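Please keep the sequence and the model in view while reading.

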Amino acid sequence: MTAEAETSHALRAAAGRSALGLLLVAAPVILMCWLVFWPILSALISSVWLPSGDGHALSLRSYVFFFTDRYSLQNLWITLWTTVVTAVLLLAVCLPIAIYLRFARGALPAYVQSLAIFPMFVPSVILAYAVIRTVGPNGAVDVLLNSVHLPKIHSPYLTPWGPVIGLTWDNIPLTVLILLSGLGGISQPSVDAARDVGARPLAVFWHIILPQIGNSIMVALSFSVLAIFSAFTLPYVLGPAAPEMMGPFMQRTFRSVNDPLAATTQAVIAFAVCILFGLFYVRSVARNRDRAGR
Amino acid sequence: MNRRDFLMLGAAAGGLVLTSRLATAAPNVIDVYYGGDDNIADFWANTVRPGFHKAYPDLDINWVNAADVDGMYAIADRAFAAFKTHTDPQADLFEEFDTNLPKGALEAGLWTDFSKANLTNYPRLNPLGIRNGFGLPYRASQVVIAYDTTKLSPDKAPKTWDALVAWIKANPGQFIYNRPDKGGSGGFFVRRAIHQANGLDPSKFTLDNYSDAYAAESLGKAWAILNDIAPSLYQGGAYTSGNTQSIQLLGQSVVTMVPVWSDQVLQAIDQGVLPSTTGLVQLTDLAICGDFVRMAIPTNAANHDAALKLVDYVLSDEIQTAILTDLGGFPGISWQYFPDDLRKKFADVVPTSMPTFPGGPWEQAVNDGWYRNVAPNIAR
């Protein structure tokens with residue numbers, strides 16, 4: 001075989017491999033285009049390409065209405081508020097659990113882990129009713145308090161805190177799992193070395209652990225933020241009548257107000273907010289890859 | 001045949017069976033969709049279906065649960081899509097549906113006009129129930145006020161709107177109603193406030209007299225009434241997200257009084273969800289609205305004629321009497337067609353008049369108007 005033939009053979013083999021690779025990713029890519037990109041594009045177009053007179057024309061009137069309508073803006077605001085508060089609470093709850101699971105030894109952490117993962121297997125509508133029966137009015141907490149002659153709690157049911165409590169609990173498993181995988185990358189020797197030179201637990205956490213799991217925190221937050229922003233069942237059942245979160249608001253606008261244009265506009269705006277969080281995720285994944293490649 | 005061929009053949013055969021099942025509705029089996037409560041499902045399974053099968057031995061009913069109203073919308077959307085492509089909607093009858101939806105379907109001709117379908121029982125329908133010819137009112141129920149008799153003795157229960165408002169204000173935190181679009185009990189409580197604000201005259205609101213200006217004027221006065229009682233409601237203006245949640249709060253003894261559906265509350269007391277000490281009262285100055293449940297048939301239904309036979313049967317004396325005696329609901333045909341003994345027996349239960357409120361554009365104006373004008377006013 002001449003050198004030339006050898007090169008062309010290698011080239012053909014490489015081309016075959018890349019064709020196969022493309023074929024393998026074709027199914028998910030086509031699905032993405034069909035079920036994600038196309039609906040987004042069609043929503044975007046149908047919310048700005050509006051009927052006017054005989055034909056259609058480019059118009060932003062639906063968006064102008066949303067951003068000048070106090071009621072709609074309040075709904076967007078409460079959704080952002082719920083998202084931020086829930087994300088902060090999630091981190092505050094999940095980080096200690098994850099650190100405990102990473103460094104504790106023995107049988108107990110296994111039970112703690114299964115407890116932390118448990119919410120993943122509970123449908124949110126069941127969770128919603130469970131929250132009502134526990135912290136709802138005259139629920140389990142009130143019954144316990146009453147038995148020791150303490151006043152009842154101010155129930156979060158039908159207030160903005162209802163969905164916050166439900167969503168936090170609902171998102172614990174995914175957050176704990178992602179943080180745990182990030183903590184798995186921390187080498188025991190570096191922690192031991194810091195302890196040897198006399199670092200207290202807080203200093204170990206601040207100087208050794210935190211810098212190494214920043215990426216995992218970003219990933220965990222962007223995942224849970226997307227889930228919280230688009231939540232429907234928990235705000236629907238536990239939240240106040242108004243302001244509504246974007247999920248129930250969109251559904252009500254579409255079904256009850258029978259206004260597909262306004263619902264589409266709300267969906268595009270919700271998507272635009274979510275894409276910001278999505279960019280954080282993509283950026284931290286890309287940064288991670290850079291670091292790994294280096 | 002090797003294993004791979006066998007698997008492929010099996011998959012192909014399975015797919016063929018599936019597609020043939022999905023593609024066409026079975027002949028002479030009427031696909032009835034419903035999205036209501038279990039008592040309705042029981043009624044159809046135990047009373048309507050055996051009776052209908054006896055009357056028409058070659059026809060049968062396939063009872064399909066669409067879970068809820070949204071499920072029914074999805075089936076109607078599918079029927080409308082099938083209508084546009086001239087295919088089989090695989091749905092012959094909607095047990096309860098508002099034929100003003102999906103948008104544009106009525107104008108396009110999706111729904112059957114019962115007034116022109118030559119049903120023998122159509123002329124016997126209660127005129128109160130007829131909105132347009134496209135929905136066939138076959139049963140009805142009404143919203144009443146349920147209260148805890150251990151906290152409020154029946155002789156002190158409010159029987160007029162003014163007395164009710166006075167009671168709510170005198171007992172802050174003890175009354176709640178649900179969001180008007182999330183369940184009829186709160187929805188009709190809100191509409192009762194609209195009647196109150198407009199001279200107690202239900203005839204002022206019809207399907208055809210809607211205009212934005214009229215709605216703004218007539219509904220605005222009702223928002224003032226509802227905002228006036230809002231600070232005295234549970235949590236200073238909270239609203240439950242459905243009929244069941246209101247009953248739950250009454251059952252947990254959190255509030256003393258809630259508006260409820262008549263048939264739903266009787267069932268809840270029967271099942272022990274609400275204690276037997278639950279009292280019921282209807283306002284006497286003008287009753288709270290009730291509504292008729294209207295059936296609908298897509299014009300492109302594969303078993304269209306059979307579905308018409310079925311709805312005519314449902315309007316027969318046999319089923320209409322059973323609705324009254326077995327279901328605890330109100331019949332769809334006029335009161336005069338019932339025998340004297342039944343009329344006497346249910347005289348106190350069945351009102352001679354049932355105020356109704358039109359749907360269509362009013363539905364959106366009332367529900368969205370409430371969200372924008374009443375719901376945000378919360379004293380927290």
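## Basis of the description

Two strands are said to pair if DSSP finds at least two bridges between them. The model described here is predicted.

## The sheet of chain B

In chain B, three strands make up an open sheet whose order is S2-S1-S3, with parallel pairing.

Six bridges join strand S1 (residues 29–34) of chain B to S2(B), and the two pair in the parallel sense. Within the sheet, B:Tyr33 has B:Val64 in S2(B) standing opposite.

## Helices on the sheet

Helix H2 (residues 38–55) of chain B lies across S1, S2 and S3 of chain B. The direction of helix H2 of chain B is at about 170° to S2(B). Helix H3 (residues 69–84) of chain B also packs on the sheet, where it touches S1 and S3 of chain B. Its direction and that of S1(B) make an angle of about 135°.

## A buried valine in chain A

Chain A has a helix H3 that spans residues 70–103, and A:Val85 lies in it. The relative accessibility of A:Val85 is 17%; because buried means under 20%, A:Val85 counts as buried.

Which residues does A:Val85 contact, leaving aside its neighbours within four places in sequence? They are A:Trp161 and A:Val164. A:Val85 and A:Trp161 are 76 residues apart in sequence, and their C-alpha atoms are 9.4 Å apart in space.

Technical notes:
Residues numbered from 1 in each chain as written. Chains lettered and ligands numbered in written order. Predicted model: local features only at pLDDT ≥ 70, side-chain atom pairs only at ≥ 80, totals over all residues. Heavy atoms only, no water. Helix = DSSP H or I, 4+ residues; strand = E, 2+ residues; numbered from the N terminus. Buried < 20%, exposed > 50% of the residue type's maximum accessible area, 1.4 Å probe, protein only. Contact = heavy atoms within 4.5 Å. Axes fitted to C-alpha atoms, helices over the stretch in contact; angles between N-to-C directions.
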